[in-house]
Amino acid sequence: MKEFFETLMRKHIGGLVSRSSLVGHNTFFNPNMFRWVSLLEKNWRTIRQELEQVLQYQEALPNFEELVEYDSELTKDTQWKMFAFYAYGIKAEKNCDRCPETTRLIEQIPGLKTAFFSILLPHQRIPPHRGPYNGVLRYHLGLMVPATDQCGIRVGKDIRHWQEGKSLVFDDSFEHTAWNDTDSVRVVLFLDVVRPVKFPISLLNRAVIQLFSWSPYIQGAAANQKKWDKRLDAVLAAKGTQ
């Protein structure tokens, strides 16, 4: 079922999206093409301050595969943690309440579908993989980044390195991989936004994204998030910080 879904999305509908894209068909994109990027870059220190509060209970945060079962095998042995805000329109209410300024900022972004703090622990690598559909674009805002070339991301054949307060925008339907071969944690604000596409393919694109939001993968992630909310509540209550 997963293979059929990915073939339909990538080869058939994805081809229409590529030909109708208003920003081209590239691995990485110039962040200045997107007006909302400047809002996040201007406020990155505010976002980082809220991240620092989250990292005080880092051990209690779920690994990626514990929330997103769609790619569970991909990251099963990887210490890639996440603190979720949105998953295809489903809001993680408690996490958003814990980071009100970050939430206020991301909710101003047109076409926002997914948002979370992506926390890659030291000496961890995310294996090469591809997103199932190119109707969204991926965004990273560097929040905590080791100042070294030993921490980076490859999309297709192109390699970039995060910088604190700076943005990367890319198409995750290309094969990509990320690594943190340092002794420090790497954290980015991770977003998926609707790809700008010509009419009428834009209507098809939004319909496909909506269907994906109803899929067992996304609904399962929302259910898993609620379970982790209870666990985090218990941790914070024990520390007296809730």
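**Aromatic packing and sheet architecture in a predicted model**

Phe190, at 6% relative accessibility, counts as buried, where buried denotes under 20% relative accessible area, exposed over 50%, and partly exposed in between, computed with a 1.4 Å probe on protein chains only. The structure is a predicted model, in which local features need pLDDT of at least 70 and side-chain atom pairs count only at pLDDT 80 or more, whereas totals for chains, interfaces and linings use all residues. Residues are numbered from 1 along each chain as its sequence is written, and side-chain values use heavy atoms, with hydrogens and water left out.

The protein chain contains 8 helices and 11 strands; these elements are DSSP runs numbered from the N terminus, with helices (H or I) of at least four residues and strands (E) of at least two. Of the 242 residues in the protein chain, 55% are buried. Among contacts between residues at least 6 apart in sequence, 79% join residues at least 24 apart, a contact being defined by heavy atoms within 4.5 Å.

In one, 7 strands are arranged in the order S1-S9-S6-S11-S4-S2-S3 with antiparallel pairing, two strands being taken as paired if DSSP finds at least two bridges between them. Helix H3 (residues 44-54) lies across strand S2 (80-87), strand S4 (112-120), S6 and strand S11 (186-194), and runs at about 75° to S6. For such angles, axes are lines fitted to C-alpha atoms, for helices over the stretch in contact, and values run from 0 to 180 degrees between N-to-C directions.

The other open sheet comprises 4 strands in the order S5-S10-S7-S8, again with antiparallel pairing. Its edges are formed by strand S5 (124-129) and strand S8 (158-160), each with a single partner strand, so one side of each is left without a neighbour in the sheet. The twist from one strand to the next averages 15°. S5 and strand S10 (residues 176-180) run antiparallel and are joined by 4 bridges, with Ile126 standing opposite Ala178 in S10.

A search of the whole structure finds 7 aromatic pairs. Rings of Phe, Tyr and Trp (its six-membered ring) are paired if their centres lie within 6.5 Å; planes under 30 degrees apart are classed as stacked, over 60 as edge-to-face, and the rest as tilted. The ring centres of Phe85 and Phe117 are 5.0 Å apart and their planes stand at 85°, so the pair is edge-to-face. This pair links distant parts of the chain, with Phe85 in strand S2 and Phe117 in strand S4, 32 residues apart. Both Phe85 and Phe117 are buried. For Phe116 and Phe190, the ring centres lie 4.1 Å apart and the planes at 20°, so the pair is stacked. Here too distant parts of the chain are linked: Phe116 belongs to strand S4 and Phe190 to strand S11, 74 residues apart. Phe116 is buried, with a relative accessible area of 3%.

The charged end of Arg160 sits over the ring of Phe28, 4.5 Å from its centre, and that of Arg186 sits over the ring of Trp162, 4.6 Å from its centre.

Several loop residues were also characterised. Arg195 is located in the loop between S11 and helix H7 (201-213) and, at 2% relative accessibility, counts as buried. Its side chain is joined to that of Ser21 by a polar contact of 3.1 Å; a polar contact is a pair of N or O atoms within 3.5 Å, and within protein one atom must be able to donate a hydrogen and the other to accept it, with residues adjacent in sequence counted only if both atoms are side-chain atoms. Pro200 lies in the loop between S11 and H7, and the peptide bond from Phe199 to Pro200 is cis, with omega near 5°. His123, in the loop between S4 and S5, has a positive phi of about 60° although it is not a glycine. With a relative accessible area of 48%, His123 is partly exposed.

Definitions and conventions. A charge sits over a ring if NZ of Lys or CZ of Arg is within 6 Å of the ring centre and within 35 degrees of the ring normal.
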